[in-house]
Amino acid sequence: LNNVLPFLKHEDFTLRIEALHALAKAGGIAFIQHIERCLSDENWWVRREAAEAMAGMGEEGISRLKAAAEEENEAPRFAARGILSELRFNRIAVEDI
């Protein structure tokens with residue numbers, strides 16, 4: 001999985017998304033700090049996918065999303081709040097992630 005990490009900074013946002021999902025699925029909580037950094041990505045879709053991946057990591061991921069939802073930086077704040085809202089209103093199920 002360490003070979004996947006450089007793709008989190010690739011210029012193609014779709015590759016960044018694929019890399020963060022690979023880390024979330026295969027590496028899980030051990031790579032959460034790398035996925036969490038994607039909450040500040042320049043692309044809103046990468047930020048959203050990172051937040052969704054974190055939600056799928058259970059309590060630790062959701063706890064970090066709640067902290068991000070209170071950040072001053074609006075990019076991670078909006079991504080975190082969006083996914084937390086979807087979870088709250090059952091628009092996404094953690095089991096589906």
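Author: Start with burial: buried means under 20% relative accessible area, exposed means over 50%, and partly exposed lies in between (1.4 Å probe, protein chains only). In this predicted model, R64 is partly exposed, with a relative accessible area of 25%. Local features need pLDDT of at least 70, side-chain atom pairs count only at pLDDT 80 or more, and totals for chains, interfaces and linings use all residues. Residues are numbered from 1 along each chain as its sequence is written, and side-chain values use heavy atoms, with hydrogens and water left out.

Reader: What does R64 form a salt bridge with?

Author: First, the general idea. Side chains of opposite charge can pair when their charged atoms come close. A salt bridge here is a side-chain nitrogen of Lys or Arg within 4 Å of a carboxyl oxygen of Asp or Glu. The partner of R64 is E36, with the closest N and O atoms 2.8 Å apart. This pair links distant parts of the chain: E36 sits in helix α2 and R64 in helix α4 (residues 59-68), 28 residues apart. Helices are DSSP runs (H or I, at least four residues), numbered from the N terminus. E36 is also partly exposed, at 25% relative accessible area.

Reader: How many salt bridges are there by this rule?

Author: The count comes to 6. Take R48 next. R48 bridges E52, the closest N and O atoms being 2.3 Å apart. Both residues lie in helix α3, 4 residues apart, about one turn of the helix. An α-helix has 3.6 residues a turn, so residues three or four places apart point the same way.

Reader: Are R48 and E52 buried or exposed?

Author: R48 is buried, and so is E52. Shared partners join R48, E49, E52 and E86 into one network of salt bridges. Within it, R48 also pairs with E49, their closest N and O atoms 3.7 Å apart. E49 counts as buried, at 12% relative accessibility.

Reader: How do α1 and α3 pack?

Author: Compare their axes, which are lines fitted to C-alpha atoms over the stretch in contact, with angles from 0 to 180 degrees between N-to-C directions. Helix α1 (residues 13-27) and α3 pack at about 10°, with axes 10 Å apart. That makes α1 roughly parallel to α3 (angles under 35 degrees; over 145 is roughly antiparallel, 65 to 115 roughly perpendicular, the rest oblique). Contact means heavy atoms within 4.5 Å. Among the residues that meet are F13, I17 and L20 in α1, and W45, V46 and A50 in α3.

Reader: What about α3 and α4?

Author: Their axes come within 7 Å and cross at roughly 135°. The two helices are therefore oblique to each other. A51, M54 and A55 of α3 make the contact with G61, I62, R64 and L65 of α4.

Reader: Which residues in α4 are buried?

Author: G61, I62, L65 and A68 are buried. Seen down the axis of α4, its buried residues fall within an arc of 115° (taken from the directions from the helix axis to the C-beta atoms), so they line one face of the helix. They pack against α2, α3 and α5 (74-88).

Reader: Where is D41 found?

Author: D41 is in the loop between α2 (32-37) and α3 (44-55). D41 is buried, with a relative accessible area of 12%. Leaving aside neighbours within four places in sequence, D41 is in contact with R16, V46 and R47.
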